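Please look over the sequence and the structure shown here before reading the notes that follow.

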Amino acid sequence: MPQIKKSDEKFDVVKYFLQLLEDDKDMSSGIAAIKTLLMILEKKQFGTIHILHTTMREAVAAMRKTDLSIAAIVSAGELFCRFITLSLDDKHMEECRQIMLNRGKIFLTKLLNSRQVISQQAQRFISDGCRILTHSRSRVVLNALIAASKNKKSFHVFVTQGGVGNSGEEMVQDLQAAGIDSTLILDSATGYVMESVDFVMVGAEAVVESGGIINRIGTYTMGLCAREMKKPFYVLAESFKFSRLYPLNQRDLPNEYKYSRKHLNDVSKVHPLVDYTPPAYITLLFSDLGILTPSAVSDELIKLYM
């Protein structure tokens, strides 16, 4: 992890955040955001809790300006700040800072283990000889599939290209490197392949309060096909991606979630990068909080923010 000196008065939040992601290609933007906030807490001095909150909000705002998953950055930042500042009345600021540092490290350690917890939960659903369809590249889905393969399970994975970029190709390369049979397919082949698979397993950029998900464009189409063909649709997502958004349709998603920053001034001629899959199309969500039905997500969010 990159380091900054205590004497550094001007900590470049974005530079540190992006360096974390450059140093570890498998790190999610949400975890990188939490590590950045923890470094600010460790290295900077704060006169009051209000100043700390302001500094944290400004840091999250700066990270939001990067062309990365805004959904994960926002939800992770909100949960981190909420967790570290609970019940700090009648304490000296330095004492508060040490308590918050300890809480922040506990919070981060728990989240760093979340992919392993989710992988263990998914194992009972991945059986010998099954055929799985996934969308683009998801780190948590990849971890679950590799874990199943290490448990001597043999299965085949169909991976969509995932739109712009080569994320689907990267997923197939990662799977094949782990000895897992996989096939790269066109996004438009989802309906064709769906009838031959046992279930769908995707990741998420955010899990919203309704129990639906925000994920790479094409996930909603996959959910529609899965429900029409009566195939289970499983979502794997860490709890730091749980967000207090409540979209009802695609138009309800804020443009900054859907489009690259360079296109925000005029989105009329560009396609969105993500879409919203309503809870009606999701069978189960696997998270470090447990295996949840979509209807249980709002209850878990209430617990997270209490």
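Predicted model: local features only at pLDDT ≥ 70, side-chain atom pairs only at ≥ 80, totals over all residues.

Residues are numbered from 1 along each chain as its sequence is written, and side-chain values use heavy atoms, with hydrogens and water left out. Helices (H or I, at least four residues) and strands (E, at least two) are DSSP runs that are numbered from the N terminus.

**The seven-stranded sheet**

- Seven strands make up an open sheet with mixed pairing, in the order β3-β2-β1-β4-β7-β9-β10, where two strands pair if DSSP finds at least two bridges between them.
- The edges of this sheet are β3 (181-185) and β10 (290-292), each of which pairs on one side only.
- On average, neighbouring strands of the sheet are turned by 25 degrees against each other, direction ignored.
- Strand β1 (residues 131-134) and strand β4 (residues 199-202) run parallel and are joined by two bridges, and L133 has V200 as its bridge partner in β4.
- Helix α6 (residues 114-122) packs on the sheet and touches β4, β7 (233-236), β9 (284-287) and β10, with a direction that makes about 140 degrees with that of β9; contact here means heavy atoms within 4.5 Å.

**The three-stranded sheet**

- A further open sheet has three strands in the order β5-β6-β8, and its pairing is antiparallel.
- Because β5 and β8 stand at the edges with a single partner strand each, one side of each is left without a neighbour in the sheet.
- Two bridges hold strand β5 (residues 206-207) and strand β6 (residues 213-216) in antiparallel pairing, and the bridge partner of A206 in β6 is I214.
- The hairpin of β5 and β6 has five residues between the strands, and in this hairpin G211 takes a positive phi near 100 degrees.
- Strands β6 and β8 (residues 274-277) run antiparallel and are joined by four bridges; I213 stands opposite T277 in β8, and R216 stands opposite V274.
- Helix α10 (residues 219-228) lies across β6 and β8, and runs at about 35 degrees to β8.

**The pair α4 and α5**

- The axes of helix α4 (residues 70-84) and helix α5 (residues 93-112) come within 9 Å and cross at roughly 135 degrees, where axes are lines fitted to C-alpha atoms, for helices over the stretch in contact, and angles run from 0 to 180 degrees between N-to-C directions.
- The two helices α4 and α5 are therefore oblique to each other, given that angles under 35 degrees count as roughly parallel, over 145 as roughly antiparallel, 65 to 115 as roughly perpendicular and the rest as oblique.
- L79, F80, F83 and I84 of α4 make the contact with M100, R103, G104 and F107 of α5.

**Residue T190**

- T190 lies in helix α9 (residues 190-194) and is buried, with a relative accessible area of 6%, where buried means under 20%, exposed over 50% and partly exposed in between (1.4 Å probe, protein chains only).
- Leaving aside residues up to four places away in sequence, T190 touches L133, T160, M222 and C225.
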